Amino acid sequence: MSREQAAENRLAIVAAATQLFRERGVEAVGLSELMKHAGFTQGGFYNHFESKAALVAEVLASAMAEKNAELVKNATAPVDESTTALRRYIVWYLSRAHRDDIDQGCPVAGFAGDAPRLGADAQSHYASGLDDQITILAGLIVQNGSPAVAGQHRTLREQAISLHCELVGALVLARSVAQAAPELSNEILENAERDVLASLDERSSQAPKSQKNR
């Protein structure tokens, strides 16, 4: 097998693992099923990875890097006068489409249930990706011109962490009941979006005029 073919096979295994892990959770997917889904026999797994834990770590690293690069690209995309990049991000994150797109959605929310039980390397990639998302969100808050309400003395990072927790928490809960109680799932997303956007508007209205006009 050529190096190029081996690299392609490895990518195919990672892609199959990413899909199955997102859909069903890491522990629920065995190597036999995983390799069959990727189009290979189970015996070929160890030609590419020394263990399932090593594969999981690569899946987390790849998923976080890919999605965060996408977030940066979208954050810098032009917006019209009716919105901001931050508001656009919030509306997308709390949308029904994002809730239903488990395969391609935010990996922080997608792997939140698995993260505490993963190996050290995978947990490290998860934590690093989460930290990067907080930094990206902080940048969107600055662009939005939404400083903390006077008297709260909250740092930009504190604002970003709180906002990210609201978004991820709402998405995870909405997904958890989407099949059993779809109306409740929709309510969670709609209420979270309304409250988060209202909070942004409140902060903007309380910002000094000099900051608003920047």
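**Figure 1. Helix α3, compared with its expected span.** The expected span of a helix is 1.5 Å times one less than its number of residues. In this predicted model, helix α3 (residues 52-75) has 24 residues and reaches 34 Å from its first C-alpha to its last, close to the 34 Å expected. Its buried residues are Leu55, Val56, Ala57, Val59, Leu60, Ala63, Met64, Lys67, Asn68, Leu71 and Ala75. These buried residues pack against α1 (3-24), α2 (31-38), α4 (85-93), α6 (107-110) and α7 (120-144).

Figure 2. Setting aside residues up to four places away in sequence, Lys67 touches Gln104, Gly105, Cys106, Pro107 and Gln133.

**Figure 3. The largest nonpolar core.** This core has 55 residues, and those with the most contacts inside it are Phe21, Leu34, Leu55, Ile90 and Tyr93. The elements that give two or more residues to the core are α1, α2, α3, α4, α6, α7, α8 (156-176) and α9 (182-206), and α3 gives the most, with 9 residues. For Ile90, leaving aside neighbours within four places in sequence, the residues in contact are Leu163, Leu167, Val196, Leu197 and Leu200.

**Figure 4. Helix α1 and the residue that follows it.** Helix α1 has 22 residues and reaches 31 Å from its first C-alpha to its last, close to the 32 Å expected at 1.5 Å a residue. The buried residues of α1 are Asn9, Ile13, Val14, Ala16, Ala17, Thr18, Leu20, Phe21 and Arg22, and what covers them includes α2, α3 and α6. After α1 comes Gly25, whose phi is positive, near 95°.

Figure 5. Although Leu11 and Val59 are 48 residues apart along the chain, their C-alpha atoms are separated by 9.9 Å. Val59 is itself one of the buried residues of α3.

**Figure 6. The contact of α4 with α8.** The axes of α4 and α8 come within 10 Å and cross at roughly 25°, which makes α4 roughly parallel to α8, as angles under 35 degrees are counted in that way. From α4, the residues Leu86, Tyr89, Ile90 and Tyr93 meet Leu163, His164, Leu167, Val168 and Leu171 in α8. By class, this contact has 8 nonpolar, 1 polar and no charged residues.

**Figure 7. The whole protein, as a setting for the close-up views.** Along its principal axes, the C-alpha trace spans about 65 × 40 × 30 Å. Of the 214 residues in the protein, 38% are buried. Among contacts between residues at least 6 apart in sequence, 66% join residues at least 24 apart.

Key. Residues numbered from 1 in each chain as written. Predicted model: local features only at pLDDT ≥ 70, side-chain atom pairs only at ≥ 80, totals over all residues. Heavy atoms only, no water. Helix = DSSP H or I, 4+ residues; strand = E, 2+ residues; numbered from the N terminus. Buried < 20%, exposed > 50% of the residue type's maximum accessible area, 1.4 Å probe, protein only. Contact = heavy atoms within 4.5 Å. Core = buried A, V, L, I, M, F, W, Y, C linked by side-chain atoms within 4.5 Å. Axes fitted to C-alpha atoms, helices over the stretch in contact; angles between N-to-C directions. Parallel < 35°, antiparallel > 145°, perpendicular 65-115°, else oblique. Nonpolar A, V, L, I, M, F, W, Y, C, P; charged D, E, K, R; others polar.
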